[in-house]
Amino acid sequence: MQYRIIGEPMPVVECLLANGETMKTEAGSMVWMSPNMQMATTSDGGVGKALGRMVSGESLFLNTYTAQGGNGTIAFGSSFTGGIRAVQITPDRPLIAQKAAFLAAEMGVEISIHWQKKLGTALFGGEGFIMQQFSGFGMVFIEIDGSAVERDLAPGEQIVINTGNLVTMDASCTMDIVQVPGLKNKLLGGEGFFNTVVTGPGHVILQTINISSMASALSPYLMSGK
């Protein structure tokens with residue numbers, strides 16, 4: 001599979017597939033394709049994995065596209081203004097991602113639910129509580145809301161992130177939820193009650209737009225009809 005990421009601020013990833021090669025994607029992500037691409041809808045691993053994807057914010061079923069009778073082209077588009085990142089998954093380097101980050105992947109990539117183990121994360125993690133894990137082997141394409149900022153954390157190095165701005169982290173990283181210090185900060189600071197703390201070692205991708213915060217900011221205007 002060869003690919004190129006084109007178009008801003010609403011990018012697509014255009015993939016060139018060899019005859020018989022297949023890719024999987026979330027429902028509704030196909031933008032254009034050559035006539036020889038054959039579509040099928042699948043649970044990709046059975047009902048259990050399908051339900052797990054639904055809990056983590058993805059579609060219950062995935063669509064697969066296979067090139068038939070020769071090379072084929074297919075493009076997958078992001079659902080919001082931002083970017084697309086291609087990440088190579090290997091057996092020794094799985095990836096943890098926020099829900100709804102998945103765009104498309106090669107068939108060798110396995111998608112499963114990733115539960116945060118720490119109680120604080122489970123109770124107050126919000127978007128960070130239930131995440132996705134990509135394992136196996138192949139390329140996965142991740143949606144970024146806004147611009148992407150990437151960090152390499154050394155062992156024990158930490159970064160404090162506003163919940164919803166974490167996109168991916170290596171499985172070697174750990175994640176926890178901490179309270180914003182001070183009652184006045186919690187009530188008047190406008191940043192919520194909790195932050196996400198990621199501890200290295202590992203690579204972290206952040207996004208500059210938090211969809212939940214944006215939706216909250218826009219809701220008064222949408223409800224007023226202005």
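Trainee: Let's start with one side chain in this predicted model. Why is Glu14 called buried?

Mentor: Its relative accessible area is 16%, and the cut-off for buried is under 20%, so Glu14 counts as buried. Glu14 is found in strand S2.

Trainee: What makes the pairing of Glu14 with Arg4 a polar contact?

Mentor: The distance between the side chains of Glu14 and Arg4 is 2.7 Å, and the limit for a pair of N or O atoms is 3.5 Å, so the pair qualifies.

Trainee: Which residues is Glu14 in contact with, leaving aside its neighbours within four places in sequence?

Mentor: Gln2, Tyr3, Arg4, Ile6, Trp32, Thr73, Ile74 and Ala75. Each has heavy atoms within 4.5 Å of Glu14.

Trainee: How do you know how far to trust strand S2 in the model?

Mentor: Look at the predictor's confidence, which runs from 0 to 100. Strand S2 (residues 12–17) has a mean pLDDT of 98, the highest among the elements of the protein. At the other end is helix H2 (residues 119–124), with the lowest mean, 48. Over residues 121–128 the pLDDT is below 50, although this stretch has 20 contacts in the model beyond near neighbours in sequence. For the protein, the mean is 83, and 73% of residues reach 70 or more.

Trainee: What does Ile142 touch, not counting residues up to four places away in sequence?

Mentor: Gly83, Ile84, Arg85, Val87, Ala101, Phe134, Val167 and Thr168.

Trainee: What makes S5 and S6 a pair of strands?

Mentor: Pairing takes at least two bridges, and six join S5 to strand S6 (residues 62–67), so these strands are paired. They run antiparallel. One of the bridges links Gln38 to Thr66 in S6.

Trainee: Where does that pair sit, and why is S5 called an edge strand?

Mentor: S5 and S6 belong to an open sheet of six strands, in the order S5-S6-S3-S10-S13-S8, with antiparallel pairing. Strand S5 (37–42) and S8 each pair on one side only, and that is what is meant by an edge. The twist averages 20° from one strand to the next.

Trainee: How do you know that S17 and S18 pair?

Mentor: By the same test of at least two bridges: S17 and strand S18 (residues 194–199) are antiparallel over six bridges, so they pass. Ile177 has Thr196 in S18 as its bridge partner. Their open sheet has three strands in the order S15-S18-S17, with antiparallel pairing. Strand S15 (158–162) and strand S17 (174–179) are its edges, and the twist averages 30° from one strand to the next.

How values were computed
Residues numbered from 1 in each chain as written. Predicted model: local features only at pLDDT ≥ 70, side-chain atom pairs only at ≥ 80, totals over all residues. Heavy atoms only, no water. Helix = DSSP H or I, 4+ residues; strand = E, 2+ residues; numbered from the N terminus. Axes fitted to C-alpha atoms, helices over the stretch in contact; angles between N-to-C directions. Buried < 20%, exposed > 50% of the residue type's maximum accessible area, 1.4 Å probe, protein only. Polar contact = N/O pair within 3.5 Å; in protein donor to acceptor, adjacent residues only side chain to side chain.
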